[in-house]
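Here is a briefing on the structure shown below.

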Amino acid sequence: MLNRILSGDYPRSRPLTALLLIIVTCLVLGPFLFDGIRAFSTLSMICVFIMVVAAYDLMLGYTHIVSFAHTMFFGIGAYGVAMAIESMGNSSGAILVGLAGALAVSFALSLLLGLLSLRVKAIFFALVTLAVAFAFLSLVTQLYHVTGGEDGMRVRVPRELGPAFRPFEAPLPGIDLPTLLKGLLTQPWNLVQVWNEATFEFRFSGRNVMYYVLVAMATGVFLFLLRLVNSPFGRVLQAIRENEFRAEALGYRTVVYRTAVVILAALVATLAGAGFALINRYVNPENTLNFELMVFILLMCVIGGMGTLYGAIVGSALFLLAQNYLQDLLGWVGQFTAGIPVVENLLGADHWLLWFGLLFVLSVYFFPAGVVGQLRIWSLRRRNRQSPPSSGPEAEPLSQT
């Protein structure tokens, strides 16, 4: 059963399996394990970017297509839903119409970009997609009466997806995992007080419903892409990545496959953008179409490991956790380094961007194949060292003449 779900593509590393289980458990049980809006927002963004990064990895990691227009399709999905709700009202029908329209626009634009790869390849294709993305960003910014310009648009979600909707009357229990771990580290002798401080109650609302819709979307997209890359279609993509000329010599129409990958990645990014609009309830060019967001997607893909798909889960989780909580971690560490002039300055919460960049450099240095790829390499080396030598007929010595 598990073999069919994962399409035979297991993590192939015990540390990686443990890491994935921790991330998946935190995502599935997130509202019950983390208290507060900030944690809820972080978990939601991890689900969104798992889809975005997995789709980008399908292009970059499996086909070696470098595109900077990925955020354009993400923004099309977000603005498509927002504009449909603005004009048709906050109903599920408006969401479906907006999503369908956004998917149609993304399909047409991605088809044009895919066909463009007939004449323009490699870095020149990347530059063309960059120009298209900036042109679309400028268009959205200028059409103030339609898109809200730089002010953006507020997304009025249906009542079933909002905080006013309560499917359960009674509050549900939860355990704030960070508070529990912090209490066990600082006050291990006072377990009762630590437990009381960690437990909380929350009311399951429509926002939680939307969160689990995102979890279901991320799970479905990931398993679909995992099945795709382990199918004959995925094998052709990997052949194109290794040597496109040889793939053409074998009879494969590489342009068709490259175009199909660009279209598929665009549609997944559009779907993720629609989910982002519904969970964030506000879209603007900065949080959907900004080039900085494209750089973040690329960093998540590199940190997790290109050409693995599991890297989308690990890279998105590690990057967003560092982005949202590294400053708090430095502030907590700074309590113990107060009074030490140089160390207090370096570990100050204001310098979190410095440590954020340093962590990225260290991750690339120690994990050149990404976290997922490097853990798989280490596990393979360990298995090779532990496996006994193959038993076979001993080689006869060469006769000397």
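A residue counts as buried under 20% relative accessible area, as exposed over 50%, and as partly exposed in between, using a 1.4 Å probe and protein chains only. By that rule, buried residues make up 46% of the 401 residues in the protein chain. This is a predicted model, where local features need pLDDT of at least 70, side-chain atom pairs count only at pLDDT 80 or more, and totals for chains, interfaces and linings use all residues. Residues are numbered from 1 along each chain as its sequence is written, and side-chain values use heavy atoms, with hydrogens and water left out.

**Overall picture**

- The protein chain has 20 helices and four strands. These are DSSP runs numbered from the N terminus: helices are H or I with at least four residues, strands are E with at least two.
- The C-alpha trace spans about 90 × 60 × 50 Å along its principal axes.
- A contact means heavy atoms within 4.5 Å. Of the contacts in the protein chain with a separation of 6 or more, 77% are between residues 24 or more positions apart.
- The protein chain exposes about 21,300 Å², and carbon and sulfur atoms supply 66% of it. Accessible areas come from the Shrake-Rupley method with a 1.4 Å probe; for residues, only the protein chains shown count as cover.

**The largest pocket**

- Pockets and cavities are found on a 1 Å grid over the protein atoms alone. A pocket is an open set of points with protein on both sides within 12 Å along at least five of seven lines. A cavity is a set of points where a 1.4 Å probe fits but cannot get out. Lining residues have an atom within 4 Å of a point.
- Grid points are joined across faces, edges and corners, and a volume is the space filled by probe spheres set on the points.
- The largest pocket holds about 1,400 Å³ of space.
- Its lining has 37 residues; F34, P178, L321, Y325 and L329 lie nearest the centre.
- Helices α2 (14-28), α4 (37-63), α9 (177-186), α16 (291-304), α17 (310-334) and α19 (352-366) each supply at least two lining residues. α17 gives the most, with 10 residues.
- By class, the lining has 29 nonpolar, four polar and four charged residues. Here Ala, Val, Leu, Ile, Met, Phe, Trp, Tyr, Cys and Pro count as nonpolar, Asp, Glu, Lys and Arg as charged, and the others, Gly among them, as polar.

**The second largest pocket**

- About 510 Å³ of space lies in the second largest pocket.
- It is lined by 19 residues, with L6, L20, V24, F222 and I313 closest to its centre.
- α2, α4, α11 (206-229) and α17 give two or more residues each to this lining. α2 gives the most, with six residues.
- The lining has 17 nonpolar and two polar residues, and no charged ones.

**Cavities**

- There are two cavities of 30 Å³ or more.
- The largest cavity has a volume of about 60 Å³. Its lining residues are F68, T71, A133, F134, L137, L289, N290, F291 and M294. α7 (122-142) and α16 give two or more of them each, and α7 gives the most, with three.
- The second largest cavity has a volume of about 40 Å³. M59, S67, H70, F73, L113, F125, V262, A265 and A266 line it.

**Helix α20**

- α20 covers residues 370-386, 17 residues in total. It reaches 24 Å from first C-alpha to last, close to the 24 Å expected at 1.5 Å a residue. The expected span is 1.5 Å times one less than the number of residues.
- G370, V371, V372, G373, Q374, L375, R376 and S379 are buried in α20. The buried residues of α20 pack against α2, α16, α17 and α19.

**Two loop residues with positive phi**

- S7 is not a glycine, yet its phi is positive, near 55 degrees. S7 lies in the loop between α1 (2-5) and α2. S7 is buried, with a relative accessible area of 18%.
- H64, also not a glycine, has a positive phi of about 60 degrees. H64 sits in the loop between α4 and α5. H64 is exposed, at 53% relative accessible area.
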